Amino acid sequence: MDYSLNEIELIAKRATRGAGYVWGMAEEAAKATRWLCSRDMDGGSELARLLQRELSQNPDKHVPINIEGDWKGAEVLCPLMVGASLSDCAARLKRAPIRTGRIASPAILLPFGANAARALECSISLECDGFKAVTDGIELSAPDEFPVEVDAVSVRIGGMLGDLRAHRTRSHPDPDGWEILEAFARKTYAPATEQSRLLGAGAGLSDND
Amino acid sequence: MNPAVKIERRPPSEVMRLKRLGCLHQCRLSFMRILTRRMARENWRFTRPLFDINDKGVGRAVYTAHTSERPYSLVAFAHDLPDEMRSDRVIAQAWDATFTLFDGIPAPGDIDRLEQNVPFQEAGRLHESELSMSRANRSVRLWNHVVDSLAQGRQPDIEQIDEVGYLMRTTAVYGSGKFGTADFETVSARDELQAPFQAEMLSVYLTRAFVRDLAEHAAGVRGGANATRLEPALARRLGIGNSTGLGMAPFLVHHPVLFNNWIMVREEAIARVRALESASDEECDMFHNMLKRGVLSVEQWRSDHPAQLEKLTCLKDDIRKIEKFATRENLQRDHPWNQLMTWAASTLTEEGQEWLASLILEPYGELVDGLASCMSDGNRDAFTINGAMSVRDARALIKESFGWALNIDWNAKENCARAWYVSEEKLEPRLGERFEEDIFTDASNDFEQPLAPARDGVAAYKALEQWDGKKTVAEFLLRHPEHRYSIRRAQIGAHTPYGEIHDNTISAALLPIDMLRAKLSFFGATHFDPRSDRWVRIRMYAGAPYPDELNTQNADLWVYPETAA
């Protein structure tokens with residue numbers, strides 16, 4: 001089944017929130033997932049895989065201890081948290097590359113690298129364990145698949161765009177990945193109670209008039 | 001005439017209060033009027049390639065609007081709905097009629113596919129070739145009266161027509177990617193769809209034509225040779241209703257850039273007119289003419305809701321004052337519109353002030369209408385946080401939007417009595433009582449949606465106060481991701497002064513209908529008729545020419561009823 005990009009963005013936002021991330025991070029995850037899908041990558045499955053790791057249960061352990069120097073966490077880094085910081089700290093890339101420690105789902109860093117590329121008006125390269133991607137903020141050169149986890153990622157200014165990934169206006173998520181996102185999203189929906197049905201939204205009047 | 005004096009736009013602290021937003025009226029920049037002006041100016045053609053409805057009123061129809069570039073088609077399905085299933089709520093399962101706006105002309109196979117999906121609405125799936133999905137229910141009493149009358153060869157009673165105002169009311173018009181429809185971004189480069197909600201407005205416009213045809217068809221079935229058609233002048237009085245619940249309220253909070261652009265554009269239009277040194281005789285005539293016609297519209301405005309009745313009383317009182325004050329003599333003074341608006345601010349209620357603000361724009365299409373192109377949200381990068389910003393600057397930005405909220409006791413029950421949430425029942429947006437409903441009192445759940453930007457902004461402000469002002473937002477957010485939402489909004493607010501509501505959206509005193517009305521007024525809705533504090537019925541396109549009548553003479557001012565000659 002194909003989905004609109006707004007649909008993938010909304011399910012990603014709800015799922016990320018349902019997985020325990022704060023709303024501001026859920027918004028980041030949603031935009032990032034949309035961006036990946038619009039560059040013909042299965043952003044939904046990438047996000048689903050990450051959310052299943054439940055890193056949000058102990059968020060402090062999965063963020064960089066310090067953003068001066070290399071970005072290392074107490075445990076494996078969360079690419080949503082690191083990605084947000086990468087986007088926030090884009091200007092630092094002008095001074096030196098940013099290197100992370102062990103990190104989950106590095107593909108999720110790509111949209112945040114694209115934010116940095118647009119902010120700095122240059123191309124950004126991202127390398128990890130032999131995988132390499134380049135983006136100028138709009139275009140993306142990257143392989144179809146990225147590892148589930150890598151020991152380190154290096155993000156730096158520069159790099160030449162190679163084969164460009166196609167731009168897509170629809171996403172075709174793997175059904176299993178979509179189902180996982182839906183399951184997380186359901187955690188944000190309140191159960192249907194009679195009280196809620198009567199008081200929560202309507203007029204309490206007949207519409208058969 | 002060019003503006004000679006710079007008059008500032010009214011400040012957000014004045015405009016963005018919920019009480020005032022809940023008093024907004026349609027104006028030249030309303031989305032329906034933007035569309036009807038364009039359709040007439042560009043000489044769109046309209047055809048009805050299919051009308052296959054059986055004697056029970058069940059079947060399908062296609063209405064096509066041909067622009068010079070491309071066609072758009074409303075694909076309509078008419079159903080036989082049992083009375084007991086007629087509900088306007090999102091949780092309804094069936095409707096009198098269901099629709100989609102198809103991007104082009106549907107082939108028979110497309111219509112077959114749509115028939116397998118559109119009647120099921122949220123339970124169906126649409127493709128990128130569809131731009132909207134909607135449904136409508138009959139106004140049972142007016143439908144029966146009109147069909148009965150026409151079947152007997154009589155015209156329906158004008159008072160009954162005005163009492164209800166529409167034969168069917170839509171109960172949701174979805175677009176922008178929902179349920180598989182095309183994302184707005186995929187079509188927003190087309191001139192005719194660039195302004196907000198143009199596909200949805202076109203769908204409703206064509207729906208109105210279908211509903212008239214369907215009623216005439218039903219009368220023909222019932223009355224046979226005796227039946228007659230609805231007189232065009234009566235048909236024009238009929239708009240399409242819309243019945244709207246809470247879903248529109250979160251929209252305004254979720255889209256601060258878009259909301260800003262709508263409000264700012266209207267404020268800019270008002271400021272431009274206020275800056276005019278003088279008004280010509282022709283412009284005064286136009287104003288007085290629209291004033292007279294506007295009064296008729298207000299006289300036809302029906303509601304049983306106590307709050308709306310009180311507002312209507314105020315509005316009628318305000319209009320009497322306007323009629324006395326806005327004499328030709330007074331409009332011949334220096335900067336007449338500015339004087340009028342200054343007088344209004346100290347004399348009229350918000351209902352009257354906003355009604356007048358919309359009215360003074362009417363003589364100045366050349367000055368105002370071009371602003372319609374600034375009402376969409378084209379700035380995708382507004383979402384990206386500038387992490388290099390200092391903590392001090394971020395604090396200042398929050399204060400700009402939410403300074404009014406800093407001294408509110410956000411722990412006091414009355415200030416956080418409500419919580420917005422999404423129900424698992426068809427994902428209907430709802431508003432709950434935080435301290436009373438089980439779904440909130442169980443601490444293991446957190447169903448609250450982020451729709452209290454003032455409360456959250458103040459929390460972020462207080463956390464920022466604990467930080468060295470020279471540190472960066474990036475450092476702050478690494479330690480406080482819970483404030484990422486508010487920091488983003490604050491930075492968006494730096495460029496969108498009208499993006500935030502300057503009121504508490506979770507207060508015990510909140511009236512969600514104020515938020516609904518603000519949005520609906522920009523659609524161009526009239527005759528707001530609240531059914532509760534969170535539900536409102538409106539009219540769309542009442543008075544508008546039908547597709548076969550539309551021309552540049554009648555494409556714009558239809559919203560003001562014609563006075564007797």
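## Chain contacts and domains

Strand β10 (residues 189-190) of chain A and β8(B) pair in the parallel sense over two bridges, where two strands are said to pair if DSSP finds at least two bridges between them, and where strands (E, at least two residues) and helices (H or I, at least four) are DSSP runs numbered from the N terminus. Within this arrangement, A:Ala190 stands opposite B:Ser423 in β8(B).

This is a predicted model, in which local features need pLDDT of at least 70 and side-chain atom pairs count only at pLDDT 80 or more, while totals for chains, interfaces and linings use all residues. Residues are numbered from 1 along each chain as its sequence is written, and chains are lettered from A and ligands numbered from 1 in the order in which they are written.

Across the interface, 55 residues of chain B are in contact with 45 residues of chain A, contact meaning that the C-beta atoms, placed from the backbone, lie within 7 Å. Among the elements of chain B that give two or more residues to this side are α5 (140-151), β8 (418-423) and α22 (484-493), and α21(B) gives the most, with five residues.

Chain B itself is divided into three domains, with bounds from an automatic or database domain assignment.

| Domain of chain B | Residues |
|---|---|
| domain 1 | 12-26 + 256-376 + 517-524 |
| domain 2 | 42-245 |
| domain 3 | 381-493 |

The centres of domain 1 and domain 2 of chain B, taken over C-alpha atoms, are separated by 31 Å, and nine residues of domain 1 are in contact with eight residues of domain 2.

How values were computed
Contact = placed C-beta atoms within 7 Å.
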